[in-house]
Amino acid sequence: MTGVPASAAGGTGRPAPGGKLGAAAVNQASLWNIANILTMVRLVLVPAFVVLMLQDGGYDPAWRAWAWAAFAVAMITDIFDGHLARTYNLVTDFGKIADPIADKAIMAAGLICLSALGDLPWWVTGVILFRELGITLMRFWVIRHGIIPASRGGKMKTLAQGTAVGMYVLALTGPLATLRFWVMAVAVLLTVVTGLDYVRQAIVLRRKGLAEERAAAGSER
C-alpha cells in the first residue's frame, strides 16, 4: 500500500508513473519536522559557540556573553525537540542519531573550550566526557537485550552540567564565581553517581538477557 489514491494512479489500482519517486519524496519531507529542525539548529550552534567563545583570546566578557547565549539556546532546544518528537509522533531515524550527537557536541565544546582557556581543570572535562562516551557505548553494548531508559538522576545530571558550564562561560566574579564552583561540583558528583548506576543497570540487563537466551535455547532442544 503506497497511500496513493486510485484516481491519482489512473483508476487502475496500479501506481502512477513516478509513484515510487512521489512516495520517497513524502518520506523525505517527513524529516523536516520541527523536532528535527531544532536538532539541526543545535548542531549549527556548536561551531558558532566555539567561534564566539574564542574571540579575542577567549577572555572578552562581551563575546563570552554571546557565547553563553548560543549555549543557552542549544540547551533549550535540547529540552524541546525530544518532547515535541514524542508528543506529536515526530520521531525519525535521523532524530534518533542526530539528537544525542548534538547533545554531546555542545557540552563537549563548552567543556573543552573552558579547559583550553584555563577556566576549568582538564580532569573535570575528562571525567564528564569519559562518562558520556562510556555510557553511550555501553547502551550499544546491551541494546540487543533491551533499552536503558534515561533516569531522573540522569536528567538532573544534564541540568546540573548545563547550568554549571553556562555559568563558567559567563565572565562571573565574586560570589557568583564561587557559586559556579559548587554547581560544577554537584554536576561532577551526579555525573559519576548516575554513570555507575547506568553501569549497574547494563550489567543486570545483560545478565537477564543472556539468561533468557540460554533458557530459550534449552527449551528448543
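What percentage of the 221 residues of the chain count as buried?

1. The share that counts as buried is 36%. The model is a predicted one, and this figure should be read with that in mind. The accessible surface of the chain is about 13,400 Å², with 70% of that area belonging to carbon and sulfur atoms.

2. On secondary structure, the chain has seven helices and zero strands. Read from the N terminus, the order of elements is α-α-α-α-α-α-α. Among contacts in the chain with a separation of 6 or more, 73% join residues 24 or more positions apart.

3. The largest nonpolar core has 32 residues, and Phe49, Met53, Val165 and Met184 are the ones that touch the most other members. At least two residues of this core come from each of α2, α3 (61-87), α4 (93-116), α5 (122-141), α6 (152-169) and α7 (175-220). Another core, of seven residues, lies apart from it; Ile135, Met138, Val142 and Ala202 are among its members.

4. Met53 deserves a separate entry. With neighbours within four places in sequence left aside, Met53 is in contact with Gly58, Arg64, Ala67, Cys113, Leu114, Leu117 and Val169.

Terms used: Residues numbered from 1 in each chain as written. Predicted model: local features only at pLDDT ≥ 70, side-chain atom pairs only at ≥ 80, totals over all residues. Heavy atoms only, no water. Helix = DSSP H or I, 4+ residues; strand = E, 2+ residues; numbered from the N terminus. Buried < 20%, exposed > 50% of the residue type's maximum accessible area, 1.4 Å probe, protein only. Contact = heavy atoms within 4.5 Å. Areas by Shrake-Rupley, 256 points an atom, 1.4 Å probe, with all protein chains shown as cover. Core = buried A, V, L, I, M, F, W, Y, C linked by side-chain atoms within 4.5 Å.
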